Amino acid sequence: DFPMPYSNLTVNGAAPSTNDAGIFECTGGDATTQLIGPYVRISDSCGAVSESTTCDEDLDLGAGVAGATNCTVAAGESAGNTHASRSAFYTIKEKARHWLPSNAWLQGQVQVNVNVNSTCNATWGGQLNMYRAGSGCRNTAETAGVLNHEFGHGLDQNDGGGYDNTSEAYADVVAILSDRK
């Protein structure tokens with residue numbers, strides 16, 4: 001039940017985005033999102049995200065299966081409307097853009113691949129790759145600390161100085177500051 005800031009929509013043929021509070025204007029007709037925005041693009045290995053509502057209703061992506069992981073979605077939902085997709089879209093970039101408004105990389109779009117068909121890891125390689133739950137490990141896209149750590153590698157690579165030594169420490173600090181733990 002969290003708003004999705006800066007999510008592109010299709011509303012009656014127009015293409016607005018939600019604002020930083022996840023609010024959008026919609027008068028009559030339908031609104032659809034695919035969890036793609038100017039700052040984050042979700043690619044879910046389980047399938048595409050495409051959720052719609054009529055303009056007089058909330059666009060509630062989290063309805064349905066509570067506590068489910070990997071490719072589990074509520075009946076009638078699109079295959080990519082997973083907990084991993086929603087968590088990844090919501091978690092990254094917003095805070096960093098506030099603190100580093102002149103960083104060009106933060107003003108662009110980063111792709112986050114969720115439910116990657118492997119377990120117990122996550123990687124950065126120009127995109128975030130977040131793995132499924134299994135083998136005793138949680139789904140890494142459903143864990144804010146792991147998402148923010150991998151995002152930290154991207155920020156390290158794109159902060160104007162290249163990778164620091166050690167990039168692991170840099171990514172850990174980004175996760176700690178972002179998660180406030």
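Is Ser178 buried or exposed? Ser178 is buried, because its relative accessible area is 12%. Buried means under 20% relative accessible area, exposed means over 50%, and partly exposed lies in between, using a 1.4 Å probe and protein chains only.

A word on the source. This is a predicted model, where local features need pLDDT of at least 70, side-chain atom pairs count only at pLDDT 80 or more, and totals for chains, interfaces and linings use all residues. Residues are numbered from 1 along each chain as its sequence is written, and side-chain values use heavy atoms, with hydrogens and water left out.

Back to Ser178. Look for it in helix α5, residues 167-179. Helices (H or I, at least four residues) and strands (E, at least two) are DSSP runs, numbered from the N terminus. Setting aside neighbours within four places in sequence, Ser178 is in contact with Lys95 and Asn148. Contact means heavy atoms within 4.5 Å. With Asn148 there is also a polar contact, side chain to side chain, at 3.3 Å. A polar contact is a pair of N or O atoms within 3.5 Å; within protein, one must be able to donate a hydrogen and the other to accept it, and residues adjacent in sequence count only if both atoms are side-chain atoms.

Next, the sheet. It is open, has four strands, and runs β3-β5-β7-β6 with mixed pairing. β3 and β6 are the edge strands, each pairing on one side only. Two strands pair if DSSP finds at least two bridges between them. β3 and β5 pair in the parallel sense over five bridges. Arg41 stands opposite Gln111 in β5. Helix α4 packs on the sheet and touches β5, β6 and β7.

Now the core. The largest nonpolar core has 26 residues. Such a core is a set of buried Ala, Val, Leu, Ile, Met, Phe, Trp, Tyr and Cys residues joined through side-chain atoms within 4.5 Å. Ile42 is one of those touching the most other members.

Last, charge. How many salt bridges does the structure hold? One. A salt bridge is a side-chain nitrogen of Lys or Arg within 4 Å of a carboxyl oxygen of Asp or Glu. Glu94 forms it with Arg97, and the closest N and O atoms are 2.8 Å apart. Both lie in helix α2, three residues apart, about one turn of the helix. Glu94 is partly exposed at 29% relative accessibility. Arg97 is buried at 11%.

How values were computed
Axes are lines fitted to C-alpha atoms, for helices over the stretch in contact, and angles run from 0 to 180 degrees between N-to-C directions.
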